[in-house]
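This briefing covers strand pairing and aromatic contacts in one structure. Please view the sequence and the model alongside the points below.

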Amino acid sequence: SLEAIPGLQTRRGLVRQGFGGPKVQQGSEVTVHAEGRLAATGKVFWNSKEGGDAFRYKAGVGAVIKGWDAGCLGMERGEVRRLEIPCAEGYGANGFKAFNIPAHSDLTFTIECLAIS
């Protein structure tokens, strides 16, 4: 089941427990595998495993969309989370043409935390 993230409309849910240890916090360098889908159709617009390269970002500093940034805080290595991100906390009215995400799209991500530093 999914829970609301305090102060946001994005919802998160645990798919698989992590291994314990350090958790993602503001300023962490995080490496993940992720699959993104359009909520309306279920169409996959991005899957890092298919490209072969994991995705790295700095957490909690606005380097990724708001729903993802907040939704991954507190994750630990090995954990898999599902995020349901409304358009206002995703790519909003502009969408994201590089990934064929239309304007005003709600998104669903499955994110696996591979490393935290």
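**Strand pairing and aromatic rings**

Arg82 has Thr110 in β7 as its bridge partner. The model is predicted: local features need pLDDT of at least 70, side-chain atom pairs count only at pLDDT 80 or more, and totals for chains, interfaces and linings use all residues. Residues are numbered from 1 along each chain as its sequence is written, and side-chain values use heavy atoms, with hydrogens and water left out.

**Strands**

- Strands are DSSP runs of E with at least two residues, numbered from the N terminus, and two of them pair if DSSP finds at least two bridges between them.
- Strand β6 (residues 80-85) runs antiparallel to β7, joined by six bridges.
- Strand β3 (residues 29-38) is also antiparallel to strand β7 (residues 107-116), over nine bridges.
- Thr110 in β7 stands opposite Glu35.

**Aromatic pairs**

- Rings of Phe, Tyr and Trp (its six-membered ring) pair if their centres lie within 6.5 Å; planes under 30 degrees apart count as stacked, over 60 as edge-to-face and the rest as tilted.
- The whole structure holds eleven aromatic pairs.
- One of them, Trp46 with Phe55, is edge-to-face, at 5.4 Å centre to centre and 85° between the planes.
- The Tyr91 and Phe96 rings are stacked, because their centres are 4.8 Å apart and their planes are at 15°.
- One aromatic cluster includes Phe45, Trp46, Phe55, Tyr57 and Trp68.

**Accessibility**

- Buried means under 20% relative accessible area, exposed over 50%, and partly exposed in between (1.4 Å probe, protein chains only).
- Trp46 is buried at 17%, whereas Phe55 is partly exposed at 27%.
- Tyr91 is partly exposed at 25%, and Phe96 is partly exposed at 30%.

Methods. Helices (H or I, at least four residues) and strands (E, at least two) are DSSP runs, numbered from the N terminus.
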